[in-house]
Amino acid sequence: MRGTVSGLLSPYPMGERLPSVYLVDEMAQGLTAACDEVLAPVLSVLDNLPAYFDPLLAPPDFLRWLGSWVSTHPSTLPSGAVDERWRGAIAAAGGTLRRIGTAAAIAAEVAVAAGVPVEDVDVADSGGVSWSTDPAAPLPGQDVPKLAVRIRAPDPALVDQHVVAVALAAAKPAHLPCTLTVA
């Protein structure tokens, strides 16, 4: 932890900035030295703050907290690989969170769970988005919400449908009923 770094010097020692009459006062110098020792870790963090928010540069003890911001936890990684793989997972999590619930994100999650390329996963939903200057224009999509996922696999028996169903339930919007087909 940065709060327990021994010998960390303050980049702005207060004792040197006192008026000249206090430069020779031992008590004033002792008090300011104690303040410098307490403030040195705080100033060090503030001086390097942008690096703390970059998962590739952040100190190891800050990674767990940074990962919690984007729901990324190291528990699934082997202990030796936690640092570098976890840093990459945290860095990629922003883009992943931006796509949650989209057809592309659902296809990617299902492809990983099924062990097939993402091109072999088709996701069709009943929703739609459109733009119109006519307020009476028909609404896009269908009235009944649904999600259909179709996986093309060379051998459908090799696809663990339970694992795929769990991944699909985690990736899809909660309100959508869904069908899963492996062909």
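Me: Before we start, what should I know about the model and the numbering?
Reply: This is a predicted model, where local features need pLDDT of at least 70, side-chain atom pairs count only at pLDDT 80 or more, and totals for chains, interfaces and linings use all residues. Residues are numbered from 1 along each chain as its sequence is written, and side-chain values use heavy atoms, with hydrogens and water left out.

Me: How many helices and strands does the protein have, and what makes a stretch count as one?
Reply: There are 6 helices and 3 strands. Helices are DSSP runs of H or I with at least four residues, strands are runs of E with at least two, and both are numbered from the N terminus. In sequence order you get α-α-α-α-α-β-β-α-β.

Me: Why is V42 called partly exposed?
Reply: Buried means under 20% relative accessible area, exposed means over 50%, and partly exposed is in between (1.4 Å probe, protein chains only). V42 has 43%, so it's partly exposed. You'll find V42 in helix α1, residues 26-47. From V42 to S68 it's 26 residues in sequence and 22 Å in space, C-alpha to C-alpha.

Me: And what is G95 called, and why?
Reply: G95 has 30% relative accessibility, so it counts as partly exposed. G95 sits in helix α4, residues 82-99. Its C-alpha atom is 29 Å from that of S132, which is 37 residues away along the chain.

Me: How do you know that the buried residues of α6 line one face of the helix?
Reply: Those buried residues are V164, A167, L168 and A171, in a helix that runs over residues 161-171. Seen down the axis, they fall within an arc of 100°, so they line one face. The arc is that of the directions from the helix axis to the C-beta atoms. On the other side of α6, H162 and A170 are exposed.

Me: What do the buried residues of α6 pack against?
Reply: They pack against α5 (103-114), β2 (147-151) and β3 (178-182). Contact here means heavy atoms within 4.5 Å.

Me: What puts the buried residues of α3 on the same side?
Reply: In α3, residues 60-69, the buried ones are F62, L63, L66 and G67. They cover an arc of only 140° around the axis, which puts them on the same side of α3. Just after this helix, S71 takes a positive phi of about 55°.

Me: How much of the whole protein counts as buried?
Reply: Of its 183 residues, 25% count as buried.
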